[in-house]
There are 2 protein chains.
Amino acid sequence: MTTAPGPERRRGRGPRGAGADTRGDILVAAAAGFSEHGYAGTSMRAIARAAGVDPALVRHYFDSKAELFIAAMRPAQPDDARLLALVSAPRDQVGTRLIALFLELWDDPSLGPRMRGILLSAMTTPEVASAVQTVLIRDVVLRLARDDHKEMRAGAAASQLMGLAAARYLIGVPAVVQASRAELVAVYGPTLQRYLQGELDLEG
Amino acid sequence: MTTAPGPERRRGRGPRGAGADTRGDILVAAAAGFSEHGYAGTSMRAIARAAGVDPALVRHYFDSKAELFIAAMRPAQPDDARLLALVSAPRDQVGTRLIALFLELWDDPSLGPRMRGILLSAMTTPEVASAVQTVLIRDVVLRLARDDHKEMRAGAAASQLMGLAAARYLIGVPAVVQASRAELVAVYGPTLQRYLQGELDLEG
């Protein structure tokens with residue numbers, strides 16, 4: 001990222017006011033910084049500098065670096081149309097539709113590298129781990145789970161999604177890398193459907 | 001790790017000969033080094049020094065750092081009695097028995113931290129990723145999989161095991177952390193059984 005022209009150009013828009021998309025500028029600068037330098041290598045101060053805003057303004061919008069990281073790197077906001085369609089899908093289709101959307105986002109070349117960065121940071125950085133649970137579990141899988149053992153259902157579904165992402169996009173297990181999306185939906189859809197809506201035999 | 005007394009003590013055993021467990025000494029030094037400094041932070045030269053042997057001897061036993069890492073850190077050798085019992089288990093029980101053994105190894109306080117180190121390094125270091133596939137897929141899950149779509153079955157099972165490990169031991173998804181081993185066997189056993197031996201509906 002070339003930081004020199006960025007802030008100048010942004011500052012050139014004039015003084016911050018109700019019309020300036022300060023939050024948006026911060027998110028753009030944060031995504032660029034995190035993508036290039038990783039979570040640990042990017043400070044909120046550096047993001048403020050790249051966005052051409054005062055560090056206090058970054059803290060005004062985002063309570064913590066982890067919150068900013070997730071907001072900048074997440075592939076879909078909670079009100080994303082695809083997420084809303086998934087949440088309102090018939091309950092007997094949520095497994096298939098969840099895995100299909102998950103693969104669609106990861107296979108998107110503009111989103112995949114970000115999601116890879118999030119998953120890796122989540123495994124090594126506790127505050128990111130906590131934020132990922134917000135994005136993946138609270139905002140998505142928990143909304144698809146049956147009420148009995150709801151948290152266990154969501155956790156199991158999240159574990160399979162993270163494991164698939166690790167095998168396909170981080171570790172590179174050949175059969176999982178080479179499989180088509182349709183094949184992966186056939187393999188993983190029934191698993192997610194059972195975790196979210198089926199019988200888990202947790203009692204007796 | 002206190003390196004000073006270690007090598008002296010080992011050197012004190014006398015000259016290396018047919019009776020000296022040189023390979024074993026290297027493995028002990030490697031496990032200590034990798035556990036303390038991680039994969040990237042540990043060189044084969046440093047391991048040789050800690051084991052009190054010539055670096056060429058380390059290379060005599062292990063072709064690469066990744067091979068030494070896996071040999072030193074893996075929770076069970078390929079001829080481990082528990083693995084052999086799993087491989088010879090009735091085919092309709094392999095899912096349940098695989099997840100039970102996996103949790104037994106990860107929950108062992110002397111093995112869990114090593115497995116955590118392996119999984120993390122596999123996600124960030126391609127040569128470790130490749131070695132992990134040897135340990136988890138070739139030596140274990142592939143031997144439990146039905147012949148049709150054998151590689152896909154093994155990859156799917158490995159992805160669920162890695163995702164469970166990530167959720168329970170790295171990211172700390174509360175419901176997955178708090179679940180008993182019996183509950184996790186009830187949730188994940190049927191998934192692994194289907195991946196390894198059930199119908200995947202990959203054609204038609």
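Two exercises on a predicted model follow, each with a worked solution.

Residues are numbered from 1 along each chain as its sequence is written, and chains are lettered from A in the order in which they are written. Local features need pLDDT of at least 70 and side-chain atom pairs count only at pLDDT 80 or more, while totals for chains, interfaces and linings use all residues, and side-chain values use heavy atoms, with hydrogens and water left out.

**Exercise 1.** Describe the contact of chain A and chain B.

Step 1. Each side is counted: 39 residues come from chain A and 39 residues from chain B, where contact means heavy atoms within 4.5 Å.

Step 2. The two chains bury about 3,000 Å² between them, 69% of it on carbon and sulfur atoms; buried area is the accessible area (1.4 Å probe) lost on being put together, summed over both parts.

**Exercise 2.** Find where B:Ala154 lies and whether B:Ala154 is buried or exposed.

Step 1. B:Ala154 is placed in helix H10 (residues 150-171) of chain B; helices are DSSP runs (H or I, at least four residues), numbered from the N terminus.

Step 2. B:Ala154 counts as buried because its relative accessibility is 0%; buried means under 20% relative accessible area, exposed over 50%, partly exposed in between (1.4 Å probe, protein chains only).

Step 3. Apart from neighbours within four places in sequence, B:Ala154 is in contact with B:Ile137, B:Val141 and B:Leu142.

Step 4. Between the C-alpha atoms of B:Ala154 and B:Arg116 there are 21 Å, with the two 38 residues apart along the chain.

Note on methods:
Helices (H or I, at least four residues) and strands (E, at least two) are DSSP runs, numbered from the N terminus.
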